[in-house]
Amino acid sequence: MSAKVTFSPSGVSIEVKPGTSILSAARKAGVLIQTRCGGNAACFMCKVKIRQDSDLLPIAEEERRKLAGLEEEGYRLACQAKARGQVHVEVPLDPLRAAVQKLLAKQAEENDELW
Ligand code: FES
């Protein structure tokens, strides 16, 4: 039996052994999740949003402490959260790309107003 992890917005999916971290699954699937601490639950950069109907192993106390309530909004640390069955992960855009996309959208909106 395997777990299936699907990443959005890319739509990339990968089958992994149950107990595989979301970060490991992302690396195997070629999906970039930002990290700085190498998966030691220290940098908080790998925070992702997990769709509610996802099947993960129970959250560990250390991760719960780090998230300080964000887990109730669906956030998990990709380096700590482990897949058990079907998992849907929303990977945030890296901050620079998000800023560029926001500027481009604003510019397109302004161009539309001119015409
Ligand atoms: S990789 Fe640093 S907290 Fe997950």
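Modeller: C79 is buried in this predicted model, because its relative accessibility of 10% falls under the 20% cut-off. One residue that touches C79 is S21, which also has contacts with A78, A81 and K82, leaving aside residues up to four places away in sequence. S21 sits in the loop that runs between β2 (13-16) and α1 (22-29). With a relative accessible area of 9%, S21 is buried too, since that value is under 20%.

Now to the other cysteine on my list, C43. Its relative accessible area is 23%, so C43 counts as partly exposed. If you were wondering about disulfides, a search of the whole structure finds zero of them.

Let's move on to the pockets, beginning with the largest. Its volume is about 410 Å³. Lining the largest pocket are 15 residues, and those nearest its centre are L32, V91, P92, L93 and D94. Sorted by class, this lining is made up of nine nonpolar, three polar and three charged residues.

The second largest pocket has a volume of about 310 Å³. Its lining is formed by 18 residues, with K49, I50, R51, Q52 and G74 lying nearest the centre. By class, the lining of the second largest pocket has seven charged, six polar and five nonpolar residues.

Along the chain, S8 and K49 are 41 residues apart, while their C-alpha atoms are separated by 9.9 Å. Leaving out residues up to four places away in sequence, S8 touches V89, E90 and V91. Of these, V91 is among the residues that lie nearest the centre of the largest pocket. As for solvent, S8 is partly exposed, because its relative accessibility is 31%, a value between the 20% and 50% cut-offs.

Terms used
Residues numbered from 1 in each chain as written. Predicted model: local features only at pLDDT ≥ 70, side-chain atom pairs only at ≥ 80, totals over all residues. Heavy atoms only, no water. Buried < 20%, exposed > 50% of the residue type's maximum accessible area, 1.4 Å probe, protein only. Contact = heavy atoms within 4.5 Å. Disulfide = S-S within 2.5 Å. 1 Å grid on protein atoms, 1.4 Å probe; cavity = no way out; pocket = protein on both sides within 12 Å on 5 of 7 lines; lining within 4 Å. Points joined across faces, edges and corners; volume = space filled by probe spheres on them. Nonpolar A, V, L, I, M, F, W, Y, C, P; charged D, E, K, R; others polar. Helix = DSSP H or I, 4+ residues; strand = E, 2+ residues; numbered from the N terminus.
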